[in-house]
Amino acid sequence: MSEKTVADIETELQAVDKAYEEAFSGKDRHTVDPSQLSGLLDKVAGLKADLDKLGALTAGDNAATVLQALSDRETLYKREQALINAAKEMGPAFERFSGEGAAANFVFDRYNRHFAGQSRDTRDLGLLRELSEELKGIKKRMLAIGGKKLPEPMARDVELVTSNIERYQIEEREVPKAQSAGTAEEQANRLAFLANHQFAVYQAFFAGQSRISRRPQLLVRVVDNLKRIKTAMFELKSRGLKQASNDGNIGVIDSRLKAFETELGEIRKVRSGTPLTDIMGALGGAANDLFEEYRKDFAGKDRTSVSLDQLNALVDKLDELRRQMEELGRVEKSEMNTKNLNVVRDYQTSWVREYQAVKAAQQGQAAVRAT
């Protein structure tokens, strides 16, 4: 029998993924059989052995990516086994806890995409604070759901959330230090960059969008960031910086703040006058628009040729909708919203994995070009 190629291994991994999706995706963990995962883990181990025979890092441009995918599946399936066993132990409370665990994972993903390995002086401090506060809320709900005695996997989840809160809080102190370093001119240029980033957030998430499906807290974050940036620009000016561009930027921010605060008021007015079920429906419709954009620009496309920035934005936009669905679901029970939320969570999980795969593929291609 001829030796398998990397392409053969990748094709078999896709079959394993399909088997996993059919047997476990969207299924109640109380009803599935965890022993089925043992068979999938055996298949993954076999594929890793096949790849090892080829030489995981020397068998072609895609070999390292396939190895990482196999390792990711192994981790996923082992965790799923533990979660299924915990579901049987916790009973009905497990699904609510699991939803909070998924929300925490999405926070970790946003941190990794927007902060990990990137220069602190260019980062969005408001987003960092929001991630920290979101994790605090998740931890509080986890403990309320699980009670005093949590199964070991759930207790580890709480510990992981706690450690990330601490990590983000350290970054909250370090980012402002980095952003206030350098000469007055360097600080002014940096503040202009940070302000432009906030303008881009508004353009991507609010301009031309239905007010009903927009999250007001996001616009509050943009406004607070711009106020902080404007204050820092004024401080540079008061300390003697004579720079026409800094003076002009203060004026630009001031006008944008007025427009954004007006828009925030309109969003709140529209949403306050709209029944929650209608808001839920609007969120579902907005999610469908994102699914269509993904199908058009990413489904079946070569990962080395698609836009990583566009995919990054799609994940963030879907995250905005999911968070609102979760918030509304805690206020009013709705079968439609629950169904939409489950679909959105599945899509977001898939897109997060795809983002990682696209990033790895494009980095691998860049490394090959550099040699």
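**Helix packing and aromatic contacts**

1. Helices α3 and α6 are roughly perpendicular to each other, because the angle between them is about 110 degrees and angles of 65 to 115 degrees fall in that class. The model is a predicted one. Helix α3 spans residues 63-90 and helix α6 residues 152-179, and their axes lie 8 Å apart.

2. On the α3 side, the contact involves Arg79, Ala82, Leu83, Ala86 and Met90, which meet Pro153, Met154 and Asp157 of α6. By class, the contact of α3 with α6 has 6 nonpolar residues, 2 charged residues and no polar ones.

3. Across the whole structure, 11 aromatic pairs are found. In one of them, phenylalanine 291 and tyrosine 347 are stacked, with a centre-to-centre distance of 3.8 Å and 15 degrees between the planes. The two residues are 56 apart in the chain, phenylalanine 291 in helix α10 (residues 276-297) and tyrosine 347 in helix α12 (residues 335-370). Phenylalanine 291 is buried, at a relative accessible area of 5%, whereas tyrosine 347 is partly exposed, at 30%.

4. Tyrosine 294 and tryptophan 351 also form a stacked pair, 4.9 Å centre to centre with 20 degrees between the planes. This pair likewise links helix α10, through tyrosine 294, to helix α12, through tryptophan 351, over 57 residues. Both tyrosine 294 and tryptophan 351 are buried.

5. Phe291, Tyr294, Tyr347 and Trp351 belong, with Phe298, to one aromatic cluster.

6. Two arginines sit over aromatic rings. The charged end of arginine 113 is 5.9 Å from the ring centre of tyrosine 355, and arginine 256 lies over the face of phenylalanine 199, 4.2 Å from the ring centre.

How values were computed. Residues numbered from 1 in each chain as written. Predicted model: local features only at pLDDT ≥ 70, side-chain atom pairs only at ≥ 80, totals over all residues. Heavy atoms only, no water. Axes fitted to C-alpha atoms, helices over the stretch in contact; angles between N-to-C directions. Helix = DSSP H or I, 4+ residues; strand = E, 2+ residues; numbered from the N terminus. Parallel < 35°, antiparallel > 145°, perpendicular 65-115°, else oblique. Contact = heavy atoms within 4.5 Å. Nonpolar A, V, L, I, M, F, W, Y, C, P; charged D, E, K, R; others polar. Phe/Tyr/Trp six-rings, centres within 6.5 Å; stacked < 30°, edge-to-face > 60°. Buried < 20%, exposed > 50% of the residue type's maximum accessible area, 1.4 Å probe, protein only. Lys NZ or Arg CZ within 6 Å of the ring centre and 35° of its normal.
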